[in-house]
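Reader: I'd like to learn how to read charged pairs and helix faces in a model like this one. Can you walk me through it?

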Amino acid sequence: MRAFPRYWATHRQVVTLEDGEFDLVMRGSSDISQEDAERDARRRFDQIVAAGGPMHWPRDEYYPDRRLPEELLDEVHSATGELIAVITRNRYGSAVLNTDAVLITDIDIGSITALRMDAAQAARRGRGRTASSGGGGFFSRLLGRGTRHEPAPGGNDTQDPDELGLPGQGPRGEEHHRIVALIDGFRAAHPELGTRTYRTRNGFRVIVTGTGAGPQSDRAKELMGEMRSDGLYMMLCRVHDTYRARLTPKPWRVGIRRTDSSWPGADEAWVRKYDEASRSVAVCRFLDASGPAPSADEQQIIDLHDRAVRAESGLRLA
């Protein structure tokens, strides 16, 4: 996989375009130097301006230009010295696995129900009516101004699934079983692939081995689509050419307020407090595995992932 940027830069400038005046912010990155990151930011900025502004830029190309910088925590190399993963700290402070060695996808509780509800609502609206252009669209979600995601009925973002009576009771329990059936169907359709299934705080995580599918490939898009992966996550994989998996808990799930720093790792006191609170929880709980054995590189990533998320610890999920 390609090296993760070590240097980040921001270019901000007010420009007058055909659609009006814009205060544009563009980020650049580099694995070479800070100066190279600054050149990258300016290059990206000039591209957006030349296109006439963000609204005239293809959204699947504009999206990576809006990427947020993440602190590089560690690099993982194979036995032959090849870079196969990097660990970063995201904007709210959690450690994240980035790799192209295995396909990773999350399936949220409520994802299948939401698809069914959307289809039913569309049918009720009938032909000749247009969908709302309100705050839940692509750019709103991207910039953090979209409609707030609400948990599925009976859900709560502060409790462990076991405390909610999962997997056997209530609407979330029913959805649990639907997703298990979805994963079982995927396995039956792809006996040549290995799968490892985990329970997360609000759904499932599936690691798929043996695909040979890079994150930007049509094959990856197809496989993740079969498992109802989030569309924005799938686009993130394509434009950054990496699969991502959170390794440590979201701070608010362990009673820690998000740091005010735009670079969480710079707040050493916050990091110490967060690390201490994280020791009593897990991110995933291993459920089962099937299919052919992973390759050596795939197994290395799986072992790293399982240790970091404490997959077999039995601790509360966060």
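Author: Let's begin with a cut-off: a residue is buried under 20% relative accessible area, exposed over 50%, and partly exposed in between. Keep in mind that this is a predicted model. With that scale, D31 comes out as partly exposed, as its relative accessible area is 35%.

Reader: Which residue does D31 meet in a salt bridge?

Author: The general idea is that side chains of opposite charge can pair when their charged atoms come close. Here, D31 pairs with R6, with 3.4 Å from N to O.

Reader: How many salt bridges turn up in the whole structure?

Author: The search finds 18. Some share partners: R6, D31 and E75 are joined into one network that way.

Reader: What about a pair inside one helix, say R39 and D36 in α1?

Author: Here's the background: an α-helix has 3.6 residues a turn, so residues three or four places apart point the same way. R39 and D36 are three residues apart in α1, which means about one helical turn separates them. Their side chains form a salt bridge, at 3.4 Å from N to O. R39 is exposed at 52% relative accessible area, whereas D36 is partly exposed at 22%.

Reader: And R244 with E70: are these two buried or exposed?

Author: Buried: R244 has 19% relative accessibility, and E70 has 9%. Their closest N and O atoms are 2.7 Å apart, in a salt bridge. This pair links distant parts of the chain, as R244 belongs to strand β9 (residues 243–246) and E70 to the loop between α2 (59–65) and β3 (71–77), 174 residues away.

Reader: Now for helix faces. Which residues of α8 are buried?

Author: In α8 (residues 268–278), the buried ones are W270, V271, Y274, A277 and S278. They span an arc of only 130° around the axis, so they lie on the same side of α8.

Reader: What is exposed on the other side of α8?

Author: There you'll find E268, R272 and K273 exposed.

Reader: And what covers the buried residues of α8?

Author: The cover includes β4 (83–89) and β10 (281–282).

Terms used: Residues numbered from 1 in each chain as written. Predicted model: local features only at pLDDT ≥ 70, side-chain atom pairs only at ≥ 80, totals over all residues. Heavy atoms only, no water. Salt bridge = Lys/Arg side-chain N within 4 Å of Asp/Glu carboxyl O. Buried < 20%, exposed > 50% of the residue type's maximum accessible area, 1.4 Å probe, protein only. Helix = DSSP H or I, 4+ residues; strand = E, 2+ residues; numbered from the N terminus. Arc of directions from axis to C-beta. Contact = heavy atoms within 4.5 Å.
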